[in-house]
Each structure stands twice: as C-alpha cells, then as structure tokens.
Amino acid sequence: MSSARNRELTALVPVALLLTAGFAAVFAQEGSRLGNLSVIYGAYFFAVCLVTHIYLRIRLPDADPYLFPLVALLTAFGLVMVYRIDESLARDQANWFVLGLVLFALTIQFLRDYEILERYRYTIAAIGLLILLAPRLPGIGQQVNGAYLGVKIGPLQFQPAEFSKIAIVIFLASYLRENREVLIVGARRVLGVTLPPLKHFGPMLVVWGASMFMLVFIRDLGSSLMFFAAFLALLYVATGRFSFVVIGMAMFTVGAWFFATTVPHVHQRVEIWLHPYHDPLNSGYQILQSIFAQADGGLFGKGFGQGLITIPGTHRALLPAAQTDTIYSLIVNELGLFGACAVILIYLLIAARGFKIALLASDGFSKLLATGLTAVFAIQAFVIIGGVTRVIPLTGVTLPFISYGGSSIVANFVLLALLLLVSDRARREAAEPGGRALALGSA
Amino acid sequence: MNRQIIKLFGFIVVLFAILVAFTSYWSVFDAKNLKAQKANKRPLYEQQQIPRGRILAADGTVIAKSVAEGRGTGKRYVRHYPMGALFGHPIGYSFEEEGQSEFEKFHNAELTGEESEFGSILDQLTGQKQEGEQIVTNLDPKAQEVAMSELEAAGHGAVVAIEPNTGAIKVMASNPGYNPNSIPLPHKLAKLNTDEVNAPLVNRATFARYPPGSTFKVVTAAAGLESGVITPETTINAPGSIIDEGHELANDGNQDWGDISLDTALTNSVNTWFGQLGQKLGQDRLFTMMEKFGFNAKPPIDLSEEELFESGVYDYETGKMLTRRDPVDLARVAIGQERLLATPLQIAMVAAAVANHGKLMKPQIWNRVVNTDGSVTKRQEPEVYSEPVSTKTAAELTTAMEGVVSEGTGTNAAISGVPVAGKTGTAEVPGNKACGGGEEENQAWFMGFVPADNPKIAIAASVECTEQFGNDVAAPIFRDVAEAILNGE
C-alpha cells in the first residue's frame, strides 16, 4: 500500500544531497565559511521534507510519489539560487517554504473531501476576483513597475494573483464539469464556425471577462496570460472542441491588439519585446541584460556563484530582478544550457505527473481540477521563462518554487496539495477492485 | 476527456521545447554576436574580475600588473604600470572603458587566461578560477631608458633595437610618450587624444610615416649585389648631379665623385651613384628586395594590427600603396626619397637582416608565457621571416657599412674598441606641416649593428623635424643605446 510513499522517500534523499552540494558550491565560491554549514542546511531541509513525507504517509498514502520530491527539488534549487543572490532573502524563502508546507498540510487536512469546493464555486470565484482588486485599493495596494501586483496589510504582504489563479481554476473546473454536456450538445454552427450556446457559456464568460478586466485594471499581464491559457485549456479538455480554442485565440488576438494599442503599459511591454535595442539603457535594459547573461552562460555556465548580478564595484543591477523575474537567466548564466534544460525538464515532469493524475481521476470535477491546476502551473513557468528568453513579452510572474517570493511558494504548495488530494483518491479507486467501475458509473 | 488531456500535455511539451530552443539560441548559437553587442558590458566586467597577467621586462622588471580594488563580488582588477611612461609604447594599456592597445591588445588572450576554450571548460568543471598568465618580454629597461631620455633631448622620433639572430625586440621607444596610468583619467585622456601635433598615443616606431632617406641605400645596394647587377668592384660614374625624370638629383655639395665602387658610394652616401643603380636595377628588382626586407606588408610583430604601418611607396593623395607596376621615380626611390615612407621598425629590420647574415628573423616583443605557478607554458621560438640576401651579400654590405662609421658620414656612431656597421640618413622634408613648415627640416636617421664582426644588436634611430643631419642627432642615440645593450650583457 505504501510503496508509493517508499518511492517518495527514496527520491527525497538525493534531493537533500543535491541541496547540500549546492550550498557547498556556493560557500566554496565565497571562499570563506565552507565548514559544515552546508551539511546543516541540507539536514534541516531533509528534516522538513521528512516530516512532510510522514504526514503524507498518514493522510494520503496513495498519492503520486514523484510530485513532492520534484517540487522539493525545485525548492532546493530555488533556495540555493536565492541564497547565492542574497543570504537574507534566502532566510525569508526558507521561512516561506515552511509556511507553504503548513498550508499544504492544512489544505490536505481540511479538504480531504474536496468536492465541497464545488458547492462554493461562486463564492470562491467571487473571492478570487475580489482579491485581484485589492492591489488597487488605497492604503493596502502597492505598485511595482507600473503594475499593481501586491497587497500590504501591516507586516503581511502578498500577491493576490497567485492565489486567485487557484480560485479561478476551481470555479472553471466545477462549472465545466456541470455544463460540459450542454456546451457540447448545444453548440450551434454559425457561418461555418461552431459556437457554444450562449446561455450556458454566459456565466463562465462573465467570470473570465471579469478576471481579464481585473488583470488589465491592475496591469498584471503575465497573470492574465496565464489565466487565459488555463481557461482555454480547461474549455478544450471539457468539451473536446478545438473550435472553441480557435474562437478563444481569435478573441485573445483582438483583445491583445486592443490593449496593446490603447493601454500604454501594455503597448510599452510589447514595444520592448519587439525592439529591445531601441533604448538599451532604460526600457530595454532588463530584457537585454537577461539575454546577455544567457549568452555568457554557454553550454556549461560559469558555475554556481560565478555570475555577475551587480556591476562590479557598484550596487547597480547588471541583471535586474535576478531573484524574481530573471532568475532563469541567472540559472542559464551560471549552470549553462544544460542546467537550464534540467530545470525545464523538472517542470515538464511535474506537468506529466499532474496530467497523469487527471487521466487516472474518475470523476469529471477531479479530472478538470487536476488538468486546470497542472496547466496553470506549467503555463506560469512558460510565461516567465518565455518572457526572459524573448519568446513572449516579459511580464512579472514568478518562476514557481524557484523565484523569491512568499505568495508564489505558499500558493503553489496549496496547488500541490490539491493535486495530491485528487491523486490519492484516484489511485486508491484505481487500485480497489470494482471501485473503478463504480466510480465510472456514478460519473 | 482523456484524449484531450493527452493532447494538452503534448501542447505543453511543444511550449517547453520552444523554451529550450530559445535558450539554446541565446546561450550558444547567438552567444558570440550577443557578446559583441555594444550594449553588452558583461564581458568587460568579467574580464575585470580576472587578474590580468603581469608583463615583465627581460630582467624581471614589472612593466604592467593588476591591482585588486574593492572586495567580495565588487572586487575588480585595475591595470597599473609601475614604469610609467617608459613603456607606454610598445606595451600600450588595458582598461575597462578605454579598451586595449598595442602589446596588451595583441596578447589579450594569454593575459586573461582565455588561451583555449577547452582549458576554460576544464577549469570550470574543476572549479578553477580563470587567471591570466604573465608574459616575459625581450625588452631591456636600461637601454629603453637611454633611448627615451636621448630622444627627449633630441626631439620627436623613435628607436628600435632588435637582436639579429632571434628577432627579439630589446628597445622600442617613441617620443613623445605617455603614461598609461593616466589613460583612465578623462581630462588627461582627452588631452592625449586631441594633441595632434605631438600625437603621444601614436607609437612612432611602428606607425610613423617617415621618408627613410639614405638608410634605404642599403636596400638598393642589397638588390644590386644580390641580382648581380653590381659586384663590390663594379664602378659607376657619379657626377655632381644627374637629371632624373626631368628633375635634378644632386650629391651633397654637388660633389663629383668620378668612377667609384659600392664601398666609397655608401661610405659617402653618394646620391647620383645610387640613383643610377636604381635605374639599372629597374622597379621589379628593387621592389622584390624591398618586400623581402618586409616592406609592403604589415610587420610580423606581436602588436595590435591597427597600430602597424606598412612601409612602402605611397600615393599621397589617395593614401594607397603603390605596386611595382605603378609609375614611380625610381632613382629617387633608390635613395630613399620620392614618396617612400618607412617606420623605424622597418629600417631596424633591414639592419637586423644584414647583421644576421642575410636572414630576417620575425621581430617579437614577447619571450615567454609563464603560468601562475611559475612554469613556462609557451616560448617564442626564433622564426625566419625571409632571406633577403645571401651570406656573401650580407658580408659585402657589412664591409661597406663599416666604412660609413669608420671614415664616412656616420662617424658619431663609432664605439671605441668595437667595430660598428651603419648607415646615416637625412631626408629633407621642406615645408612639412608636422614640423611647422620650415624649409630646413630634415628627418634624421641612423641604422646599423654592433659588433660588425659578430652582431649582437641591430638598431634604427630616427628623429623628426630637425635641422641637423643623421650623424649629428641620430648616430649618438644609436651609439648610446648600443653601448647600453652591450654593457648589459
């Protein structure tokens, strides 16, 4: 029964060793305190992972065995990277890692029967949308680089979009589970294009449109791209209609064109993306430095701790936002193309495990929930990596589990908890003789 | 829904593949182009973090070293030149904003330790920090000092001293010089850059366009002997003046020398004799010999290419070098006038080739590259550039050149107890703007080697904008630098 957990434990050991080695490498670079500090950090990390593992052993014995070690690997990687950039930031990051695991455990504790989410889907959607508004509220809102991404209430500071994405996915999964039949059957062909029935499509359009509006309102382009992609992914999986995706894309193109020409902030981002050399010292600085840092990495990179983040002899940034937006560029710089491919591979493996859960899940809500969570996670990684590699305009979303940032870590651990909840049930039902058939019958 | 989920995963795989493709493009395929971008200061900053290797003189004197500034990740290395202006030329400078010049530029790869890509990858894997290698040069600080101070007393000009059998450059002095330590100071750099009259940043030894005057007669004589057009015994009638291409070509004081052979002609620098020899030789033979001595090509020396001038005959209007098929006034070329321009390095190469029994060695400033742990990783092996004349011709030229110093126009170059072979040169440059346009201005030269019977050093000294002759102003510099080198051995 717990062979899954045994595999998980076996996978966690090399992760902890890797973290130890990573810290050792950073210390060796700094040349000062090699000692046994890296081993102590490695031991702490392993202890925290072990506690989480034991908790999973008790609560979700059948859940996917690879997801947690893969996420732990990214977190370890992120911790070493952030430590190498700034020790004090790494301390925050380590605290958030622990806080994230607490929320992870609480989610598993209280949402064991996660269908309960379906009952509150409109409430969840409303909360998800309202917290997106918070950054523009006077007093608690914060503006960074022309975008309103953060909320600050006393000492507590967070980015609502990170949590909002989970809320929206829950809503979409639930709504589509209920209405997917109608959306398929009720589709009409108009002028040769298959359109979904407006009556059933309406509420979803409203929620989606509202989230888009909010995101443009708070100018969080990266999140809006992420939300939109997750929406299309779920719509496609639920209905199997590729034409809906095409319509969505067309709507997006019109919308994007509209915003790019009317909203200066969006227009500027697109301009920088297309013509970074136009103003290399100001607007184009971040993306150009991001690319230059990668060019300097080559195949093998310069080695952990070897890359330049500030201009030597000054405190001016050579790679702006190295701990958040451009952390991937720093990875390419220090670990080279091979290191970067390894990181992308980890994200791909997480996506593969996530979709596997969706495949195994027996009921529609579980399937769509797992699909949506996995898709939004993978697309988040794509949006930021694509941003710093000039595949798409650069927008400020975090690289999940690696970038410095509490909201991102905590929210993504909640996302992971939900995935494991779905996984545990799906795998148990699949393993129980007859259970599978029963579940299928009820769906 | 499973089919759609699998397709969705396929789509995600495609997206991630795009990320890998773009990352590969930036980090590997387009990396070279990106590193060369003007907006990209990263390679510069990184080079600063590498301690650049030292540059040493032959006796171990430190000419250039890197000094650490700041600490931690802000630590960077700044170039410092303890000898100040003494080796401003030919060592040049290396700074973050201003870049590199001359020797520092040519040997950048060794000095930064970027010699081989393989080496640096290996270093990365073994965690070895990149460090520059140091270079020991052939330069002789004492002789350089003599050359510099005498040039400063004599006027603008340059001195080059080459060890004939190895090509080792022992002295390369250019006056006015500059102190490389002042390059990073904006107000001083601006002054250095805008001073067009003194042009202190120009290495006159390798970049000056001087008419070589009578020193070139050695090349003409070499062509004559080597081609068999003359032997040391051949006499040519040398009247006080000849008419060449409609212009008068006269001897000093219009002296009529009658029928004389090479020794007398060279000893007394008889223009009409060499003018006629040039005409007898024809352009083809003369140009062939010039090219063998290194004319019409970038000198094969280890200095950055853009600071090297190709000696040769030039069309002043277009700035183009003339070939053997272009019409030139051959008699005047044969005596080092016409539109012939040469660097002191080129004239020193002529002297060195004759001194080395007809073999011209590649002139080189560096001697060896020394690893950070003190072991020699690379050594300069003497290399033959060309063989302009036979041993026999070289010996005949040497005899004639000895006459110049013992009884001819270059007596001021004599060193007691040591036979000296040499040749004076006094090219008239009336109305030269660089000299203030005076009618009596000369380009004064002396080139030669010592000891004549067993040459240790070949030297060319040139002083611009002087009213004096080669024997008065250039020969003493030659003599003192030669003595400094001989005494140093």
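Two residues count as touching here when their C-beta atoms, placed from the backbone, lie within 7 Å. Everything below comes from a predicted model.

**View 1. Where chain B meets chain A.** The contact draws on 49 residues of chain A and 38 residues of chain B. The largest share comes from α1(B), with 18 residues.

**View 2. Chain B as a whole.** Chain B carries 18 helices and 21 strands. It has 489 residues, of which 53% count as buried. Take the contacts within chain B between residues at least 6 apart in sequence: 70% of them join residues at least 24 apart.

**View 3. A five-stranded open sheet in chain B.** Reading across, the strand order is β8-β7-β21-β20-β19, with antiparallel pairing. Because β8 (169-175) and β19 (421-428) of chain B sit at the edges with a single partner strand each, one side of each has no neighbour in the sheet. From one strand to the next, the twist averages 5°.

**View 4. Zooming in on β20 and β21 of chain B.** Strand β20 (residues 442-450) and strand β21 (residues 457-466) of chain B run antiparallel and share eight bridges. For B:V450, the bridge partner in β21(B) is B:I457.

**View 5. A helix laid over the sheet.** Helix α8 (residues 141-154) of chain B lies across β7 (157-162), β8 and β21 of chain B. Its angle to β8(B) is about 25°.

Key:
Residues numbered from 1 in each chain as written. Chains lettered and ligands numbered in written order. Predicted model: local features only at pLDDT ≥ 70, side-chain atom pairs only at ≥ 80, totals over all residues. Helix = DSSP H or I, 4+ residues; strand = E, 2+ residues; numbered from the N terminus. Buried ≥ 20, exposed ≤ 12 C-beta atoms within 10 Å, placed from the backbone. Pairing = 2+ DSSP bridges. Axes fitted to C-alpha atoms, helices over the stretch in contact; angles between N-to-C directions.
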